[in-house]
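User: Could you take me through this structure? I would like to begin with the metal site.
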Amino acid sequence: MAVLDIVLYPDDPLTKKAAPYDAVGPEVVQLAADMYETMAAYDGVGLAGPQVGVSRRILVAHPPEGEPICLVNPEITDMQGRVEGEEGCLSLPNVYAKVPRAVRIHVRALDERGAPLDFEAEDFLARIIQHECDHLDGIVFPDRLDILSREEVLHEFEEVRRRMREEAQSRLGVACSSAHPL
Ligand code: NI
């Protein structure tokens, strides 16, 4: 197992539509294991393939009061109700917003071993699955807000990324000056 690197917005393939799996083989079991480990390492409750650079229709979810699950080729076949709830995203760290989502959903998918799943989810698990399914279509949570709020959150994240780059560069500067004294 391995902790994978997280792709930050708007880097590839985060804003692209991910391809479905034609078949579920051992590589999917391995990828799911790595995604479970990565989600846990970053304290996330959900993670989608494009967030770890894999543009395929796979996601993992781990609600605080439930077992971790993996969904391959998930489809939300029914949605009911609507409620706003706070969301963040490992690909847009340090920004949050209240996002409207369906309260209850019906889901069809395969698990990482190819077994069919057909279930109802509600509340937080339903929210996680909707957020992660959006990632499979290249959609991030600010895209679900009204246009002004979307701009505001994305602008805020541009600032977060600018600070992250500056911190990485200053660390690199220290490393370079000590490794290359000339
Ligand atoms: Ni996300």
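Analyst: Donors here are N, O and S atoms within 2.8 Å of the metal. The model is a predicted one, and the donors of its nickel ion follow the spacing C-x41-H-x3-H along the chain.

User: Which residues coordinate the nickel ion, and at what distances?
Analyst: The ligands are Cys89 through SG, His131 through NE2 and His135 through NE2, at 2.1 to 2.2 Å.

User: Where in the chain do Cys89 and His131 lie?
Analyst: Cys89 is in the loop between β4 (83-87) and β5 (97-101), whereas His131 belongs to helix α2 (residues 123-136). The two are 42 residues apart, and the pair links distant parts of the chain.

User: Are they buried or exposed?
Analyst: Cys89 and His131 are both buried. For the protein as a whole, 42% of the 182 residues count as buried.

User: Turning to the fold, how many helices and strands are there?
Analyst: There are three helices and seven strands. From the N terminus on, their order is α-β-β-β-β-β-β-β-α-α.

User: How does its radius of gyration stand against the globule rule?
Analyst: The radius of gyration is 18 Å, close to the 16 Å that the rule gives for 182 residues, so the protein is as compact as a globular protein of that length. Along the principal axes, the C-alpha atoms fill a box of roughly 65 × 45 × 30 Å.

User: And the sheet: what is the strand order?
Analyst: Five strands form an open sheet in the order β1-β2-β3-β6-β7, with antiparallel pairing.

User: Why is one side of β1 and of β7 left without a neighbour in the sheet?
Analyst: β1 (46-48) and β7 (116-122) stand at the edges and each has a single partner strand, so one side of each remains without a neighbour there. Neighbouring strands are turned by 35 degrees against each other on average, direction ignored.

User: How many bridges join β3 and β6?
Analyst: Strand β3 (residues 69-80) and strand β6 (residues 104-110) pair over six bridges, in the antiparallel sense. Within this part of the sheet, Asp78 stands opposite His106 in β6.

User: What does helix α1 touch?
Analyst: Helix α1 (residues 26-41) packs on the sheet, touching β1, β2 (58-61) and β3. The direction of α1 makes about 40 degrees with that of β2.

Methods
Residues are numbered from 1 along each chain as its sequence is written. This is a predicted model: local features need pLDDT of at least 70, side-chain atom pairs count only at pLDDT 80 or more; totals for chains, interfaces and linings use all residues. Side-chain values use heavy atoms; hydrogens and water are left out. Two strands pair if DSSP finds at least two bridges between them. Helices (H or I, at least four residues) and strands (E, at least two) are DSSP runs, numbered from the N terminus. Axes are lines fitted to C-alpha atoms, for helices over the stretch in contact, and angles run from 0 to 180 degrees between N-to-C directions. Contact means heavy atoms within 4.5 Å. The radius of gyration is taken over C-alpha atoms; the globule rule is 2.2 Å times the number of residues to the power 0.38. Buried means under 20% relative accessible area, exposed over 50%, partly exposed in between (1.4 Å probe, protein chains only). Donors are N, O and S atoms within 2.8 Å of the metal (3.2 Å for Na, K and Ca); water is not among the atoms, so sites may look incomplete.
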